[in-house]
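Subject: Handover of a two-chain structure

Dear colleague,

Please find below the structure that I am handing over to you. I would be grateful if you read the notes after it with the structure open beside them.

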Amino acid sequence: MPTEFSVVGSILSRGVVIGTPYFLDRAIREIPNIDLQSVHAVEEEVHRYKKAIRESHRYLVQLKNRAQKEGGEEIIALLESHLQIIEDPLLNYEIEQEIRLLSKNAEFVLNKTVAGFEKKFHAMNDAFFQQRIVDIQDISERILDCLQEKKNTSFDMLPKDSIIFAHVITPSDAADARRKNVVGFVTERGSNLSHTAIVAKARGIPYISGIDFSKLSRILNAERVIVDALLGKIICNPSQKTQYEYRQLQEQIQQRYKLLQKPLDLPCQTIEGDPIALYISIDGLDDLTDLKTCGAAGIGLFRTEYLVLQGGRFPTEEEQFEIYKQLVCEMKTPVVIRCFDLGLDKVPVGLDPLSGYNGIRFLLEERTLFFSQLRAMLRASSFGNLQILLPMISSLQELVASKKLLQEAKEQLIFEGHIIPDSPRLGCMVELPSAAMMSSALAKECDFFSIGTNDLMQYSLAIDRLNQSSHTGASIHPGFLRLLQMIIEEGRKAGIPVYICGEMASDPQLIALLIGLGAKGFSVPLRIFPLIKDIIRLTSTKKGECLANELLRILPEEAGLQLLDAYCKECIPESVRYEYTAS
Amino acid sequence: MMKKTTKIVSKIRVKNKMGIHTRPATHIVSLLQHYRSNVFFTYKRETVNAKSILSILMLAIQRNANLTITVDGDDAEETTQKLLQAFETNFGE
């Protein structure tokens, strides 16, 4: 009986799945190098290449038609760009000429040409431009498959519950995966920004990359493999016991998901009956149906920069208007939309991450962009309760300048004949220590606060959030807690709502503490919404206040963590605690 | 009778925030496929066929770039006009 072992990797798409490994052998491909001996042979070769292009083109069109039926905007856009590339003269006329010039076979010429492109793209210092090479390589692989008459390893032929293991998985492979057959991806290389990851996420296919395949030679004959893309590892040759545990976990995840389908009528309040407003944070318009039926108070945060990152460009005013309008119309609850927040780990093109050119500063610099976003928001606001959130405010001037621009946008729209009802509510992200210290002044000039706990923690404690492994200790740092308390208190004094966003709001261990500090509103991702609501209903405001008072005192981190742990053991039931360690 | 061909050279500054990315590049190629003239972009001493999306992407044209557009053919005037217009409106961004 082969022994069970795990290999750790990076999570590119969350989920848990048990299946059979299938190794995709794209990496090893022989590129023949043949000198063609006659003019006739050369023309035959050109003809053969053209045929391969036509086949590949046809295949892409098929995939696109299928994607259009099944839905999936990202997949369709991806395939459209692939179609443009395959029609490019550089891959058609130029290659045909090169075949004639070199008198070499098509595979050789294609491979050489693509290698040349790779060099050029690799030299670009722009993540988005760089990513395009993956698309070109993908298309090239497809053409080579046609030339070599490799039977398309169509995933339709794979057995049920197959988990694809590959050096790299191309975006069109991912688009090809059918829900029934292909249930997981495991690769050596892959990035969160890649189209493959985007497609995997859209399809709900767990995906782990960064796996060292040299460790896997033992599993070539494996019957079963578990992809745990919640903890970030794959388990090879899982024992019966492990398989059972994971099936249980899958069950629970399914149950949770089913719970989301039913409207949750139970009020969101503490044990004492104090109401807590629980909102959902989103990146896009997926899961709109679930958002409407889960019983949330509304959308607490719509991160519009994801529209930029996924589309590869800034959406137009019209495009934004359509999206915002759809959201407010469908939700019928308050919808807080945050203006493009770009910088640091969400850097798109050409922006130096450390230049401080991010958040509101970027927007105020790129006036036209900011203006068109505000216009789109104002136009959409006449269809529902839309609220505007400004990212990374650090000064009163920034807030005042933004308000001025908003007013100008409103006037311009009215002049153009639009009907704009009362100005939508305008709030600030308080995620910088400077803003926290000025929250009393800011509170007078805006309608609500959203506390960005991730950035606030990073900037006030000088820790790198992308590398946070265990940051519970950081979250309960008395200095940080005092900042939180200050913001919440100033909001209360000015009579404006304060919403807690970021990872702290999604951490079941910290809810009581936050409520104890005076938090009355949270915004969390959809998948964790039911859990947080459960936790809130299990929380006593009084106990939360005691916990907060204890942790606000200057304690060594160890003591603080022990206090927190004791509270959780006492007040959060076992079954609920298992849930959150698994997710 | 041979149609008169003209060569028009224009210089522009790219205003798009993210430079000539996938979408503007796609837009340019779609736009130009209706015209007969040959169209070239010159950026940083490199000249490429503007009807090839890969060629445009490989120029990696950033924001504020100075781009030279050369249009050569019997519908050069109309082509240039349409193209410049597209750049002017930032391709609708």
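A salt bridge is a side-chain nitrogen of Lys or Arg within 4 Å of a carboxyl oxygen of Asp or Glu. Side chains of opposite charge can pair when their charged atoms come close. Please keep in mind throughout that this is a predicted model.

Salt bridges in chain A

Over all chains, the structure holds 28 salt bridges. Five residues of chain A, namely A:Glu317, A:Glu318, A:Arg375, A:Arg379 and A:Glu416, are linked in a network of such bridges. Within this group, the side chains of A:Arg379 and A:Glu317 meet at 2.7 Å, N to O. This pair links distant parts of the chain, since A:Arg379 belongs to helix H13 and A:Glu317 to helix H11 (residues 317-331), 62 residues apart. Both A:Arg379 and A:Glu317 are buried.

A second salt bridge joins A:Lys104 to A:Asp35, with 2.9 Å between the closest N and O atoms. Here too the pair links distant parts of the chain, 69 residues apart: A:Lys104 is in the loop between helix H3 (93-102) and H4, and A:Asp35 is in the loop between strand S3 (15-24) and helix H1 (39-70). Are the two partners buried or partly exposed? A:Lys104 counts as buried because its relative accessibility is 16%, under the limit of 20%. A:Asp35, at 47%, counts as partly exposed.

A:Glu98 lies in helix H3 and A:Lys112 in helix H4, so the pair ties together parts of chain A that are 14 residues apart in sequence. A:Glu98 is partly exposed, with a relative accessible area of 22%. A:Lys112 is also partly exposed, at 43%.

The two chains

Chain A contains 24 helices and 16 strands. Of its 583 residues, 53% count as buried. Its accessible surface is about 26,500 Å², and carbon and sulfur atoms hold 53% of that surface. A:Asp507 is found in the loop between strand S15 (498-501) and helix H20 (511-516). A:Asp507 is buried, with a relative accessible area of 16%. Although A:Asp507 and A:Leu531 are 24 residues apart in sequence, their C-alpha atoms are 9.6 Å apart in space.

Chain B has 3 helices and 4 strands, and from the N terminus its elements follow the order β-α-β-β-α-β-α. Buried residues account for 52% of its 93 residues. Among its contacts between residues at least 6 apart in sequence, 72% join residues at least 24 apart.

A buried serine in chain B

B:Ser37 sits in the loop between helix H1 (22-32) and strand S2 (38-43) of chain B. Why does B:Ser37 count as buried? The reason is its relative accessibility of 1%, which is under the 20% limit. The side chain of B:Ser37 makes a polar contact of 2.4 Å with the side chain of B:Asp75. A polar atom of the B:Ser37 side chain also lies 3.3 Å from the backbone nitrogen of B:Ala76. Beyond its neighbours within four places in sequence, B:Ser37 is in contact with several residues, including B:Lys51, B:Val71 and B:Thr79.

Where the chains meet

How many residues of each chain are in contact across the interface? There are 27 from chain A and 24 from chain B. Together the chains bury about 2,300 Å², 68% of it on carbon and sulfur atoms. A:Gln84, A:Phe129 and A:Arg313 supply 27% of the area that chain A buries against chain B, more than any other three residues.

The interface has 3 salt bridges. One of them pairs A:Glu366 with B:Lys17, the closest N and O atoms being 3.6 Å apart. There are also 5 residue pairs in polar contact between the chains. On the side of chain A that touches chain B, helices H2 (73-86), H4 (106-122), H5 (127-147) and H13 (367-381) each supply at least two residues. Helix H5 of chain A gives the most, with 4 residues. By class, this side of chain A has 15 nonpolar, 6 polar and 6 charged residues.

Yours sincerely

Technical notes: Residues are numbered from 1 along each chain as its sequence is written. Chains are lettered from A and ligands numbered from 1 in the order in which they are written. This is a predicted model: local features need pLDDT of at least 70, side-chain atom pairs count only at pLDDT 80 or more; totals for chains, interfaces and linings use all residues. Side-chain values use heavy atoms; hydrogens and water are left out. Buried means under 20% relative accessible area, exposed over 50%, partly exposed in between (1.4 Å probe, protein chains only). Contact means heavy atoms within 4.5 Å. Buried area is the accessible area (1.4 Å probe) that two parts lose on being put together, summed over both. A polar contact is a pair of N or O atoms within 3.5 Å; within protein, one must be able to donate a hydrogen and the other to accept it, and residues adjacent in sequence count only if both atoms are side-chain atoms. Ala, Val, Leu, Ile, Met, Phe, Trp, Tyr, Cys and Pro count as nonpolar, Asp, Glu, Lys and Arg as charged, and the others, Gly among them, as polar. Accessible areas come from the Shrake-Rupley method with a 1.4 Å probe; for residues, only the protein chains shown count as cover.
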